Amino acid sequence: MFPILQAEFLAPGIKRFVIAAPRISRKQQPGQFVILRLHEHGERIPLTIESSDPRRGTISIVVQSVGKTTHLLNSLDAGDAILNVVGPLGKPSAIKKFGTVVVVGGGVGAAMAYPTAVALKQAGNRVISIIGARNKGLVILERELLQVSDALTITTDDGSYGRKGLVIDQLRDLIANGMHIDLVLAVGPIPMMKAVADITRGPHISTVVSLNPIMIDGTGMCGGCRVLVDGKSRFACVDGPEFDAQMVDFGVLQQRNAMYRSAEQTSMAEFQRNPMSQIESVRHAEDTACATEGDLR
Amino acid sequence: MSAPVKSQNPLTLKERVKLPRQHMPEQMAELRVLNFGEVNLGYSAELAQMEARRCLECAKHTCMDHCPVGVKVRDFVRLIVAGDFTGAATVIREDNVLPAVTGRVCPQEDHCEAGCVLHRRGESLGIGYLERFVADYELRMGTYHATKAVPTGMKVAIVGSGPSGLSAAGDLVQRGHKVHVFEALHELGGVLVYGIPEFRLPKHIIRQQIDYMRAMGVEFEADVVVGRTITIDEMIEEEGYDAVFVATGAGLPLFMNIPGEHLNGVYSANEFLTRINLMHAYEFPKYDQPIVDLRGKDVAVIGGGNTALDAIRSARRLGARKAYVIYRRSEAEMPGRAEEVKHARQEGIEFQLLTSPVEFLSDEKGGLRAARCVRMELGEPDASGRRRPVPIPGSEFELPLSVAVLAIGTSANPVVQSTTPGLQIDKRGYIAADSVTQRTSQKGVFAGGDIVTGSATVILAMGAGRRAAKSIHEYLVTGNW
């Protein structure tokens, strides 16, 4: 069991958890993720590690409520526990001095890009950050990103905060205004990452995207997370999750991520029929797990 | 070690030879395709004793010589004849910590039963069935009592809780070493849990066998990916392990590199089986992890091994209308166990032999619609000694399919090797280890099972685990490398 030490909503439906996971905290590097499972009937889902504190033995993750598992997770609080957390998985981000790096985070992607932005800044890069959200209330990690960025632009779809429009509008303008960019890191929804790749293709700007395909074991065993990169099947869990944006077939990624949509809707509908009983059963998971351990001894 | 066992068989050798092999009772095919319950139901005590009396009790026990872990077959069979089933279990346990597992999934026809003298005269003794009976008796009656060895003060880390790791753990803990097993997944058992379906090896059997190992003193830690969560070097330098046994198993699933492999509905067998076995997708939505709805769909598995058969028989149970095995060679070359092929046929699985897909075809939504296949003929033998399949020009045809499962093998998982600089690997990426001592190029580190040999069987992995345990014990006692 992995106890939740802190839990706070950063925005409606987006929550940050600090979890006791000493082994993972000692090894985590930017760009890596964990896979977690909430209860004995639960699915395994991958989530990027936002930060870690090896001295406290903790990691933090930022979770957006999308399907059943994330809704269930976001109903947990400090004092609850997560049944299984495994990691850190995936290859760490490549960190060195590139020069000027533009970090693009769409929605909760801002939290995924954050640890890499920190490391890039520490490596001596000029970090230009662009984060976007649907509206002001959904903007996350503004303060944190401001600390590690030489410039930060916020965009909102409705113009309620920062620039009205999309993160790619700002990126397009930077390029049009002649900014020299050595690297773009884009993390967010698939259409956003695809749009970034389309924009940087012409000017030949190196661009890295962090992919989030459906994944099960996360150790290279099942091949469920395979993505088409440069015409070849690659496994996001061991070969990624970061890939050269120009080589990624986003259409295939989008199509594969939609594979279980109807099952996901069934799961969500079942959950919403009686959410409290399921939330309670996850909450009490720690007690029963302890009892079983005791029985074995 | 147990004392020599005397024969109590009332039959003459002539009478024994005349007895037919006792059939394994099994769930009717028409019923079992509707559930995930076990196919083989196990011998009763009467059946087991009838079968055991067929043993010729040869002075030269070629059955035992053919067993990768060296189970004393003649001795345990004699104890079944004598009615001492608990004694029989004790004899098996001296060499095999997972008898309820191997009694179900070991390809006995290639090992002990191939060495059985009766085999030359007709049907070999049902050694696997007898082993299963004894192991199930022990589980049912709760007769197992763990004995703890005198502690040596030495600590051994085992990487992977599959058959090789468990086998080594059992031998090492019985020699008094402190044994800690690391597992990457949330459940213990490795391929026994994620790879082999419930209808061949029920999960509760694995759990009970692992509980026995806990009682012996073995410690288990799940959710640790060695190479990521902790490295081998850190285990030795920071956590004080005196030796490490790497048994991480088979690795990344191979794909065919033909067009259309990324279509929705094309799975690797590892993913397909992991969803079903480890994640219980067949109980969706009671369990959260889904699998595509196979009801009324046409499904094929590509490959002819046990994994392929497990996958297609699972698909049948999930409601597939047509269920095909597509294999590029003929039935004679199929690596799957004879019993599994027989069971698959009984369950209405169709075999498209001497056939191989060349392309997966898409429907308008990016889902699989059909496989374009080509017929093959067998040419000259290849490096494996099997006749090489050669495509027949102009024989291409379309097979309508909604789901295709690739079960064509695996390649080495690089996670441990790439994070352990001292480990030498072979040209295919597997860990280089001595085939007798299981020693690697790094002092104190041993390796065995599929991560050394590539995909093999449960019992061969267990054999490697036993050799490693023996060799680790010698190293710990003598300090010689």
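**Entry 1: the sheet in chain B.** I started at B:Ala157, which stands opposite B:Val244 in β4(B). The model I am reading is predicted, so I kept in mind that local features need pLDDT of at least 70 and side-chain atom pairs pLDDT 80 or more, while totals for chains, interfaces and linings use all residues. Residues are numbered from 1 along each chain as its sequence is written, chains are lettered from A in the order in which they are written, and side-chain values use heavy atoms, with hydrogens and water left out.

Strand β1 (residues 155-159) of chain B runs parallel to strand β4 (residues 243-246) of chain B, joined by 4 bridges. β1(B) also pairs in the parallel sense with strand β2 (residues 178-182) of chain B, over 5 bridges. For my notes: strands are DSSP runs of E, at least two residues, and helices are runs of H or I, at least four, numbered from the N terminus; two strands pair if DSSP finds at least two bridges between them. I looked up B:Ile158 too, and its bridge partner in β2(B) is B:Val181.

**Entry 2: crossover and cover.** β1(B), helix α11 (residues 163-174) of chain B and β2(B) make a right-handed β-α-β unit (with the strands pointing away from the viewer, the path from the first strand over the helix to the second runs clockwise). I found 4 of the 5 residues of β1(B) buried (under 20% relative accessible area, 1.4 Å probe, protein chains only). Helix α15 (residues 269-277) of chain B has 9 of its 9 residues buried, so it is largely enclosed by the rest of the structure.

**Entry 3: cores.** The largest nonpolar core has 82 residues, and B:Ile158 is among those with the most contacts inside it, as are B:Phe76 and B:Ile80. Such a core is a set of buried Ala, Val, Leu, Ile, Met, Phe, Trp, Tyr and Cys residues joined through side-chain atoms within 4.5 Å. Another core, of 59 residues, lies apart from it and includes A:Val102 and A:Ile168.

**Entry 4: where the chains meet.** How many residues does the contact take from each chain? I read 48 residues from chain A and 47 residues from chain B, with contact meaning heavy atoms within 4.5 Å. The buried area is about 4000 Å², 55% of it from carbon and sulfur atoms (accessible area, 1.4 Å probe, that two parts lose on being put together, summed over both). In chain A, A:Arg23, A:His41 and A:Met221 lose the most area to chain B. A:Arg23 also forms a salt bridge with B:Glu221, at 2.9 Å, N to O (a side-chain nitrogen of Lys or Arg within 4 Å of a carboxyl oxygen of Asp or Glu). The count between the two chains is 4 salt bridges.

How values were computed:
Buried < 20%, exposed > 50% of the residue type's maximum accessible area, 1.4 Å probe, protein only.
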